[in-house]
Amino acid sequence: MIDLSYFDLFLVYGLILLAAGLIRLRGGEVRSLLVSAARMGVQLFAVGYVLHLVFAIKSAALVLLILLVMGGMAVHTVAGRVREKMPHFYRVVGSAMLVGCGGGTFYFCLLVIGLDPWYEPRYLIPLAGMIIGNSMTGASLAAERLGEEIRARQDQIETALCLGASARQASQESVNNAFRAALIPSVNAMATMGIVFLPGMMTGQILSGTEPIIAVKYQIAIMCVITGSVAVTSLLILQQGVKNYFTAYDQLVLPEKER
Amino acid sequence: MDTLSTQKTGCPLMEVQGIAQRKNGRKLLEGVSLDLCPGQLLALIGPSGGGKSTLLRLLNRLDEMTAGRILLRGDDIRQLPVTELRRKVAMVMQKPVMFAGSVLQNLQSPFALRREPPPVADSPQLNQVLELCGLNQDFLGRPAEQLSIGQQQRVSLARALLTEPQLLLLDEPTSALDRPAADRLGELLYRLCRQRQIAVLMITHDLRLAERIADWVVFLQGGELIEQGKVEILKAPQTAELQQFLDDPELIREQTEEPA
């Protein structure tokens with residue numbers, strides 16, 4: 001792989017300055033562009049050095065800690081995205097991400113790839129990152145949609161309860177709709193993969209010298225694992241989450257609207 | 001009280017004893033007591049926000065009361081499995097909700113939910129209820145969601161009746177209906193009580209209808225039961241509050257109505 005010198009980076013940041021100039025010319029506001037570009041540089045270098053360190057240390061405990069921090073950040077991000085949070089939001093989302101993403105990551109890395117040692121950070125961390133990132137999107141969609149569905153279908157749910165439905169039966173349609181919504185991005189991504197754009201991981205592997213066919217196989221594998229993880233994570237969120245909208249006596253309890 | 005039906009069963013169907021409901025420290029209902037007998041038609045009247053719907057939702061345990069108790073044929077409803085309770089105490093909401101599918105599928109849905117064999121299209125059980133609700137076989141194949149509101153209301157009533165409840169709770173059953181349709185529904189409810197000995201508790205703003213078909217009237221205001229008695233109290237109220245409400249129901253409604 002051809003290394004980039006700091007002068008090379010200076011050259012590409014020149015394009016940011018060009019963009020800033022164009023924005024200014026159009027009477028736009030330049031600050032946010034510059035701040036974002038600076039943040040990108042700082043953040044990525046920070047991550048790079050952390051990874052460099054972790055790859056060198058090769059400690060299982062450290063790798064697991066990093067995965068947990070990534071998961072925690074993901075839950076935090078989901079919380080920020082979902083306006084209408086279900087009761088016991090953090091417990092529900094946290095445990096679902098742990099099972100869904102943890103399961104997906106280790107299924108892929110241990111059973112499929114067969115990592116040796118099992119915590120090989122060069123594979124585990126980026127793959128887990130992709131799985132967690134995509135599950136995060138699925139989790140946000142599932143949680144957000146569930147709240148909306150339950151509120152919109154309040155009359156329908158209570159009518160079903162009145163007719164003798166259990167809470168699970170009465171909320172089934174809401175859960176199914178939310179589940180379908182959560183899977184849409186993964187399904188769409190798979191359908192357009194390779195046609196509209198070359199996926200990031202594959203591109204990266206090819207750039208770093210991997211045989212294209214191997215890169216393709218990895219890309220297919222990661223997409224399958226991502227879809228599986230998204231499905232497990234969001235269904236767990238929905239099944240655990242929906243229970244919290246009901247009492248033990250099949251009574252629907254809607255949380256007070258925020259704000 | 002309807003002495004005839006009381007004598008027949010020896011005890012009231014439902015006894016409501018000092019129930020209250022609070023939510024976030026706000027009083028919604030306080031110290032409400034009343035009895036219901038088989039075959040009795042009770043009209044629940046009062047200004048909006050006065051606690052009528054709150055009361056109704058406690059009777060089939062759609063919400064949890066915070067004080068008091070409710071007995072169904074002598075048993076505390078909290079001792080009954082909630083699905084059992086809701087089969088005996090059916091409720092039809094103000095806005096009829098049709099599930100996707102045909103009218104027949106809607107009528108069969110309570111049975112499907114309980115995994116019981118549903119009444120088939122030409123069974124006597126189904127035909128009887130259809131006729132009672134002013135429906136017929138022609139409706140069965142139609143998509144339920146495309147019916148008019150009035151028709152949907154009758155389907156939801158039929159759906160509730162098919163499971164043979166002992167008590168029927170109705171939240172403003174005539175609010176979406178025009179005068180003739182409201183009168184027809186009134187006739188239907190009257191026949192239900194008299195012929196099938198079902199008890200009906202109906203929230204209504206339609207005082208004319210209440211006067212015609214109810215035999216007991218309960219007036220709720222500000223979450224409290226202000227006055228109850230035979231339907232004659234609509235002519236000769238004992239309390240100033242009921243008198244005021246009868247003089248101008250809209251006035252009080254506007255004063256007490258809470259922003260949605």
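Reader: Okay, quick start. What domains does the assignment give for chain A?

Author: Domain 1 covers 1-57 and domain 2 covers 58-243. This is a predicted model, by the way.

Reader: How many residues does each domain put into the contact?

Author: Domain 1 of chain A gives seven residues, and domain 2 of chain A gives 10 residues.

Reader: And what separates their centres?

Author: The centres of the two domains of chain A are 29 Å apart, taken over C-alpha atoms.

Reader: How much area do the two domains bury between them?

Author: About 720 Å². Carbon and sulfur atoms account for 78% of that area.

Reader: Which three residues of domain 1 supply more than any other three?

Author: Look at A:V54, A:F55 and A:I57. They supply 71% of the area that domain 1 of chain A buries against domain 2 of chain A.

Reader: What classes of residue are on that side?

Author: The side of domain 1 of chain A that touches domain 2 of chain A has seven nonpolar residues. It has no polar and no charged ones.

Reader: How many salt bridges cross between the domains?

Author: Zero, by the rule used. There are two residue pairs in polar contact across that interface, though.

Reader: New topic: chain A against chain B. How many residues does the contact take from each?

Author: Chain A gives 16 residues and chain B gives 21 residues.

Reader: How much area is buried there?

Author: About 1800 Å² between chain A and chain B. Carbon and sulfur atoms give 54% of it.

Reader: Fine. Which residues of chain A lose the most area to chain B?

Author: A:C162, A:L163 and A:Q251. Together they make up 35% of what the chain A side buries.

Reader: How many salt bridges are there between the chains?

Author: Two between chain A and chain B. In one pair, A:E158 meets B:R57, with the closest N and O atoms 2.7 Å apart.

Reader: And how many residue pairs in polar contact?

Author: Eight across the interface of chain A and chain B.

Reader: Which helices of chain A each supply at least two residues of that side?

Author: α6 (154-162) and α7 (167-170) of chain A do. The largest share comes from α6(A), with seven residues.

Reader: How do the residues on the chain A side divide by class?

Author: Six are nonpolar, five polar and five charged.

Reader: Let's zoom out. How many salt bridges does the structure hold over all chains?

Author: 22 salt bridges.

Reader: Which partner does A:R83 meet in a salt bridge?

Author: A:E144, at 2.8 Å from N to O. A:R83 lies in the loop between α3 (60-81) and α4 (89-113) of chain A, and A:E144 lies in helix α5 (residues 121-152), so the pair ties together parts 61 residues apart in sequence.

Reader: Is A:R83 buried or exposed?

Author: A:R83 is exposed, at 57% relative accessible area. A:E144 counts as buried, at 13% relative accessibility.

Reader: Now chain B. Where does B:R87 lie, and where does B:E116 lie?

Author: The two form a salt bridge, with the closest N and O atoms 3.1 Å apart. B:R87 lies in helix α3 (residues 82-88) of chain B, and B:E116 lies in the loop between α4 (103-113) and α5 (124-132) of chain B. So this pair ties together parts that are 29 residues apart in sequence. B:R87 is partly exposed, at 24%. B:E116 is partly exposed too, at 28%.

Reader: Which residues do salt bridges with shared partners join into one network?

Author: B:R179, B:D183, B:E187, B:D206, B:R208 and B:R212.

Reader: Last one: B:L201. Where does it lie?

Author: B:L201 lies in strand β8 (residues 199-203) of chain B.

Reader: Does it count as buried or exposed?

Author: Buried, because its relative accessibility is 0%.

Reader: What is B:L201 in contact with, leaving aside neighbours within four places in sequence?

Author: Its contacts include B:L36, B:L56 and B:L168. Also, B:L201 and B:A43 are 158 residues apart in sequence, but 6.0 Å apart in space, C-alpha to C-alpha.

Key:
Residues are numbered from 1 along each chain as its sequence is written. Chains are lettered from A and ligands numbered from 1 in the order in which they are written. This is a predicted model: local features need pLDDT of at least 70, side-chain atom pairs count only at pLDDT 80 or more; totals for chains, interfaces and linings use all residues. Side-chain values use heavy atoms; hydrogens and water are left out. Domain bounds come from an automatic or database domain assignment. Contact means heavy atoms within 4.5 Å. Buried area is the accessible area (1.4 Å probe) that two parts lose on being put together, summed over both. A salt bridge is a side-chain nitrogen of Lys or Arg within 4 Å of a carboxyl oxygen of Asp or Glu. A polar contact is a pair of N or O atoms within 3.5 Å; within protein, one must be able to donate a hydrogen and the other to accept it, and residues adjacent in sequence count only if both atoms are side-chain atoms. Ala, Val, Leu, Ile, Met, Phe, Trp, Tyr, Cys and Pro count as nonpolar, Asp, Glu, Lys and Arg as charged, and the others, Gly among them, as polar. Helices (H or I, at least four residues) and strands (E, at least two) are DSSP runs, numbered from the N terminus. Buried means under 20% relative accessible area, exposed over 50%, partly exposed in between (1.4 Å probe, protein chains only).
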